Amino acid sequence: MAITANMTTHDGISLTNAYLRVSSTYIKKLPETDSEGNTSKVWKLVYDVLIYKDKATRDDATKEQSMRIKNLHVDHFKCDYSLDATDNPYKLAYADLKANSELSNVSDV
């Protein structure tokens, strides 16, 4: 699974129909502080995203690693996670990624 989206990198470079793929996910219990300063541990889904100019660049084994695009706004995330979740963590990560305010014109590929 992957998506395409428009975005602007942290360096100010505009990308149209960039190819994004969630490369890894894991569940972790992390400390979180509420508005009153109380700290508790909550479950988070942590995921990493690989970004490429397009699918052809991703599929070219000789260029894949050297052609990854760095975007600090989009390449590593945490979102809330419920231990009662029945969906696959990758599916949840893609749903969260699609809702990212840094992306526009998001579509599945």
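Asp 11 is exposed, with a relative accessible area of 58%, where exposed means over 50%, buried under 20% and partly exposed in between, for a 1.4 Å probe and protein chains only. Asp 11 lies in the loop between strand 1 and strand 2, helices (H or I, at least four residues) and strands (E, at least two) being DSSP runs numbered from the N terminus. Between the C-alpha atoms of Asp 11 and Asn 88 there are 33 Å in space and 77 residues in sequence. This is a predicted model, in which local features need pLDDT of at least 70 and side-chain atom pairs count only at pLDDT 80 or more, while totals for chains, interfaces and linings use all residues. Residues are numbered from 1 along each chain as its sequence is written, and side-chain values use heavy atoms, with hydrogens and water left out.

Strand 1 and strand 2 pair in the antiparallel sense over five bridges, two strands being counted as paired if DSSP finds at least two bridges between them. Ile 3 stands opposite Leu 20 in strand 2. Strand 1 also pairs with strand 5, again in the antiparallel sense, over three bridges, and here the bridge partner of Thr 4 is Ser 107 in strand 5. Five of the six residues of strand 1 are buried, so this strand is largely enclosed by the rest of the structure.

Taken as a whole, the sheet is open and has five strands in the order 4-3-2-1-5, with antiparallel pairing. Strand 4 (76-80) and strand 5 (104-108) stand at the edges with a single partner strand each, so one side of each is left without a neighbour in the sheet. From one strand to the next the twist averages 40 degrees. Helix 2 (residues 89-98) packs on the sheet, where it touches strand 1 (3-8), strand 2, strand 3, strand 4 and strand 5, and its direction makes about 115 degrees with that of strand 2; contact means heavy atoms within 4.5 Å, and axes are lines fitted to C-alpha atoms, for helices over the stretch in contact, with angles running from 0 to 180 degrees between N-to-C directions.

Strand 2 (residues 14-33) and strand 3 (residues 39-52) run antiparallel and are joined by 14 bridges, with Pro 31 having Lys 41 in strand 3 as its bridge partner. Tyr 19 lies in strand 2 and, at 8% relative accessibility, counts as buried. The C-alpha atoms of Tyr 19 and Tyr 52 are separated by 5.1 Å, although these residues are 33 residues apart along the chain. With neighbours within four places in sequence left aside, the contacts of Tyr 19 include Ile 3, Leu 50, Tyr 52, Arg 58 and Val 109.

Trp 43 is found in strand 3 and is partly exposed, with a relative accessible area of 32%. Asn 100, in the loop between helix 2 and strand 5, counts as buried at 11% relative accessibility. Leaving aside neighbours within four places in sequence, Asn 100 is in contact with His 73 and Phe 77.
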